[in-house]
Amino acid sequence: MYIGLAVGADAAAVIALKAADGFRAPLPSLLAMLGYGAAYFFLSQAVRTLPVGVANALWSGFSVVVVAMAGYIIHRQALSLSSISGLLLICGGTALLYFGTATNPE
């Protein structure tokens, strides 16, 4: 759950960052900073129960996918077949990492 919240906060921050126009627009700049703060807070909660490498891979991988989809939907940014293939590979790789890692090795 915390990883999902971290991904959502990170994606919201990146989208706000585009609107911040190099930190020239105050409200989107503030939203970007708050989003990054929330993302790191939620990531810090996730690493309490997940291995740090797995948590970071899930967070960063799925953030890339969500931001790419948001860019496609909101900003009409094109996604080529190779871009889509790369996004699918990110999803597959993070899933393999998650399911292939024991969270409580004994």
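This is a predicted model: local features need pLDDT of at least 70, side-chain atom pairs count only at pLDDT 80 or more; totals for chains, interfaces and linings use all residues.
The largest nonpolar core comprises 12 residues, namely I3, A6, V7, A9, A39, L43, A46, L50, V54, A55, L58 and W59. At least two residues of this core come from each of the helices α1 (2–20), α2 (26–46) and α3 (52–74). In soluble globular proteins, nonpolar side chains tend to be buried together.

S29 is located in helix α2. With a relative accessible area of 5%, S29 falls under the 20% limit and is therefore buried. Its side chain reaches the backbone oxygen of A25 at 2.7 Å. Residues up to four places away in sequence being left aside, S29 touches A20, F23 and R24.

Aromatic pairs number 3 in the model. In one of them, the ring centres of Y2 and F42 lie 6.3 Å apart with the planes at 25 degrees, so the pair is stacked. Because Y2 belongs to helix α1 and F42 to helix α2, this pair ties together parts that are 40 residues apart in sequence. The rings of F41 and F42 have their centres 5.4 Å apart and their planes at 65 degrees; the pair is therefore edge-to-face. Y2, F41 and F42 together form one aromatic cluster.

How values were computed. Residues are numbered from 1 along each chain as its sequence is written. Side-chain values use heavy atoms; hydrogens and water are left out. A nonpolar core is a set of buried Ala, Val, Leu, Ile, Met, Phe, Trp, Tyr and Cys residues joined through side-chain atoms within 4.5 Å. Buried means under 20% relative accessible area, exposed over 50%, partly exposed in between (1.4 Å probe, protein chains only). Helices (H or I, at least four residues) and strands (E, at least two) are DSSP runs, numbered from the N terminus. A polar contact is a pair of N or O atoms within 3.5 Å; within protein, one must be able to donate a hydrogen and the other to accept it, and residues adjacent in sequence count only if both atoms are side-chain atoms. Contact means heavy atoms within 4.5 Å. Rings of Phe, Tyr and Trp (its six-membered ring) pair if their centres lie within 6.5 Å; planes under 30 degrees apart count as stacked, over 60 as edge-to-face and the rest as tilted.
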